[in-house]
Amino acid sequence: MTKLTTKKMKIAVLTSGGDSAGMNAAVRAVVKMGILRGCETWVVREGYEGLVKGNTEAPAAQDYSTTQGNPINLPESLKDDTLVRNLRFGDGPLLRDGEGDTSDADHTLKGRYIIRVGWDDVRGWMGEGGTFIGTARSTTFRTVEGRLAAARNLIKEGIDALVVCGGDGSLTGADKFRSEWPEHVKTLRANGDIGDEEVEKYGHLKIVGLVGSIDNDMALTDMTIGAPTALHRICEAIDNINTTAASHSRAFVVEVMGRHCGWLALVAGISSGADFIFIPERPPSSDSWEEEMCATIKAHRNVGKRKTIVIVAEGAHDKNLVPVRADDIKKVLAEQLGLDTRVTTLGHVQRGGRPCAWDRILPTLQGVEAVEVLLTATPDTPSYVIGISENKVTRVPLMEAVLKTQEAAKAIGEKNFEKAMSLRDSEFGESLDAFMAISTLDKRLVPENQRLRIAIMHVGAAAGGMNAATRTAVRFCHLRGHTPLSIHNGFKGLLNDHITHPSWLGVDNWMTRGGSELGTN
């Protein structure tokens with residue numbers, strides 16, 4: 001196999017902050033692309049804390065020219081091949097199986113936090129949740145002394161490039177580390193920890209960020225690693241709650257994550273057919289959120305709806321920034337509407353489990369791009385974070401994205417909710433408008449001469465989402481004063497005049513149903 005470039009670089013990758021599904025896929029992509037680009041690849045255990053601790057123990061002596069203990073007899077043409085020389089270094093199974101801190105003295109990672117890995121060491125990582133290399137919030141790294149120790153440990157291992165997968169706090173720390181790097185090198189030389197050769201060789205640290213956050217709260221990217229899987233977990237949970245809610249005619253208040261960003265609550269509200277949502281960016285506009293919520297839910301109950309689902313982000317508040325808690329909502333629903341109400345806090349269920357397909361594809365594409373960024377980085381180029389915009393992988397100046405993210409949180413704190421909404425991507429506002437359109441019974445009628453009779457028909461093979469699209473179309477028709485018509489069984493139903501008038505309530509449960517409720521042929 002021919003390597004794609006002759007540029008030599010040692011790349012380390014770490015995961016920091018809260019874990020998110022897809023981090024393992026990101027690490028895997030960085031390692032494999034790095035090897036294909038002729039680089040040495042390393043992983044850092046326990047995030048920034050691992051950088052600070054470094055390696056106090058040498059790795060156990062191993063024969064890297066063997067596969068499962070069997071010697072490899074390589075032809076001369078392959079002895080210098082990048083992939084073959086980086087096939088495996090033996091610690092992958094310890095990381096994958098969680099045995100890194102085993103007491104087995106012959107094969108342990110105790111005392112070693114910066115680990116060299118090869119192609120096979122990350123085999124099977126793509127479909128696994130969490131992060132095999134560990135993550136930790138490091139108070140030591142926040143100090144100058146801690147970052148100096150981290151610099152010393154990277155130089156000790158000969159590492160000159162770093163990929164950081166985490167949230168805005170982790171990425172801010174990465175950029176600060178890079179900006180301080182020349183001073184750290186000078187201090188290490190003055191202390192005698194490194195020589196002139198190291199000063200010349202490691203005068204510049206290359207850094208790139210990948211956004212791992214289930215909240216999807218980073219600006220200038222459409223999606224963050226872990227957010228699609230978290231949304232999937234929430235939808236699964238609410239699908240299960242829906243059945244018992246309808247059976248007992250109960251109300252359920254579901255609390256989801258999202259301290260400064262309501263993306264999970266908003267999109268879960270659409271996906272699950274919720275009645276009401278609370279998000280930080282757009283709190284209820286009235287002086288009494290209780291009255292606004294109760295008016296909406298009472299209207300739903302008056303048309304015959306048996307169940308009520310309210311989704312609240314953990315950072316939700318009213319327009320005066322007074323927190324709105326799940327238990328507060330439960331009390332209002334029970335006392336003012338007389339509803340038998342339960343609270344479900346999903347908590348870390350949202351983080352866990354195997355990543356969905358998109359949380360395997362996205363980090364893979366971004367991990368590949370991260371390596372490309374490092375290979376072209378210079379002391380004059382900014383640190384980049386890898387994002388995605390309109391299904392294209394993008395490079396965005398790291399601190400520009402971080403500052404814009406923090407600006408949104410600041411706008412919320414200043415009660416400037418319009419600005420907070422404008423700082424989210426355009427799809428956020430469109431999603432909120434869509435939720436309001438399909439969850440309200442308040443009419444926003446078009447002029448009578450513009451009202452239409454709109455027929456909806458399913459044609460061809462049934463596909464997931466047909467019923468959800470139909471539900472949305474029917475409810476939007478009712479909202480605007482149009483007349484929706486359902487044509488059953490495709491063109492055959494049209495010929496046979498099998499046409500009905502769907503009601504707002506009649507399509508309520510269609511959001512989560514597969515196939516085609518109208519029938520198709």
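Is Leu321 buried, partly exposed or exposed at 28% relative accessibility? Leu321 counts as partly exposed at that value, given that buried means under 20% relative accessible area, exposed over 50% and partly exposed in between, with a 1.4 Å probe and protein chains only. What I am showing is a predicted model, in which local features need pLDDT of at least 70 and side-chain atom pairs count only at pLDDT 80 or more, while totals for chains, interfaces and linings use all residues. Residues are numbered from 1 along each chain as its sequence is written, and side-chain values use heavy atoms, with hydrogens and water left out.

Leu321 lies in the loop between strand 10 (308-313) and helix 11 (326-337), where helices (H or I, at least four residues) and strands (E, at least two) are DSSP runs numbered from the N terminus. Although Leu321 is not a glycine, it has a positive phi of about 70 degrees. Asn489, in the loop between strand 15 (483-487) and helix 17 (490-495), also has a positive phi, near 65 degrees, and at 32% relative accessibility Asn489 counts as partly exposed.

Let me turn to the aromatic residues. The whole structure holds 6 aromatic pairs, a pair being rings of Phe, Tyr or Trp (its six-membered ring) with centres within 6.5 Å, counted as stacked if the planes are under 30 degrees apart, edge-to-face if over 60 and tilted for the rest. In one of them, the ring centres of Phe141 and Phe177 are 5.3 Å apart with the planes at 70 degrees, so this pair is edge-to-face. Because Phe141 lies in the loop between strand 5 (114-117) and helix 5 (144-157) and Phe177 in helix 6 (residues 168-190), the pair ties together parts that are 36 residues apart in sequence. Both Phe141 and Phe177 are buried. The rings of Phe177 and Trp181 have centres 5.5 Å apart and planes at 85 degrees, so this pair too is edge-to-face. Tyr48, Phe141, Phe177 and Trp181 form one aromatic cluster.

Finally, the helices. The axes of helix 5 and helix 6, which are lines fitted to C-alpha atoms over the stretch in contact, with angles from 0 to 180 degrees between N-to-C directions, come within 9 Å and cross at roughly 75 degrees. That makes helix 5 roughly perpendicular to helix 6, a label for angles of 65 to 115 degrees, with under 35 being roughly parallel, over 145 roughly antiparallel and the rest oblique. Among the residues that meet there are Leu148 in helix 5 and Phe177 and Trp181 in helix 6, contact meaning heavy atoms within 4.5 Å.
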